[in-house]
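Work through the exercises below with the model open. Try each task before reading its solution.

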Amino acid sequence: TGFGPFQGRDQVVDALAGGVVGKVLDVATIRRTLHRILADDDMAVVLNRLEAMTRDGQPYANEYCFVFTCHGGVISRIVEFADTLHADAVFHFASL
């Protein structure tokens, strides 16, 4: 379905630049509200809310948690958590 996992710089950059969310959201309407950034040693956690319109005009909002792991001064891993039950109710991922 093109929703991950992604490996390598090019796949990750494309996914983060809208390549993934652009399949289901109107990227021009995306708004993120940053709640908190927590960092310790080689790990950072970003808590945020995403609000946007779907490509078929429905409002969408969800809370996200991103966990970034760094190694050698670069991001080596990103793990994303969200309410997938809510997201599936809006996007119907099984049918994509």
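**Exercise 1. Trace the network of salt bridges that includes Arg 49.**

Solution. Start with the term: a salt bridge is a side-chain nitrogen of Lys or Arg within 4 Å of a carboxyl oxygen of Asp or Glu. This is a predicted model, where local features need pLDDT of at least 70, side-chain atom pairs count only at pLDDT 80 or more, and totals for chains, interfaces and linings use all residues. Residues are numbered from 1 along each chain as its sequence is written, and side-chain values use heavy atoms, with hydrogens and water left out.

Step 1. Arg 49 meets Glu 51 at 3.8 Å, N to O.
Step 2. Glu 63 also bridges to Arg 49, with the closest N and O atoms 2.8 Å apart. This pair links distant parts of the chain: Glu 63 lies in strand E3 and Arg 49 in strand E2, 14 residues apart. Strands (E, at least two residues) and helices (H or I, at least four) are DSSP runs, numbered from the N terminus.
Step 3. Join the pairs: Arg 49, Glu 51 and Glu 63 form a network.

**Exercise 2. How exposed are the residues of the salt bridge between Asp 10 and Arg 9?**

Step 1. The side chains of Asp 10 and Arg 9 meet at 3.8 Å, N to O.
Step 2. Asp 10 has 59% relative accessibility, so Asp 10 is exposed.
Step 3. Arg 9 has 65%, so Arg 9 is exposed too.
Step 4. For contrast, take Arg 49: at 27%, Arg 49 is partly exposed.

**Exercise 3. How many bridges pair E3 with strand E4?**

Solution. Two strands pair if DSSP finds at least two bridges between them.
Step 1. E3 and E4 (residues 74–82) are antiparallel, with 8 bridges.
Step 2. Thr 69 has Arg 77 in E4 as its bridge partner.
Step 3. The hairpin has 2 residues between the strands, and Gly 72 takes a positive phi near 65°.

How values were computed. Buried means under 20% relative accessible area, exposed over 50%, partly exposed in between (1.4 Å probe, protein chains only).
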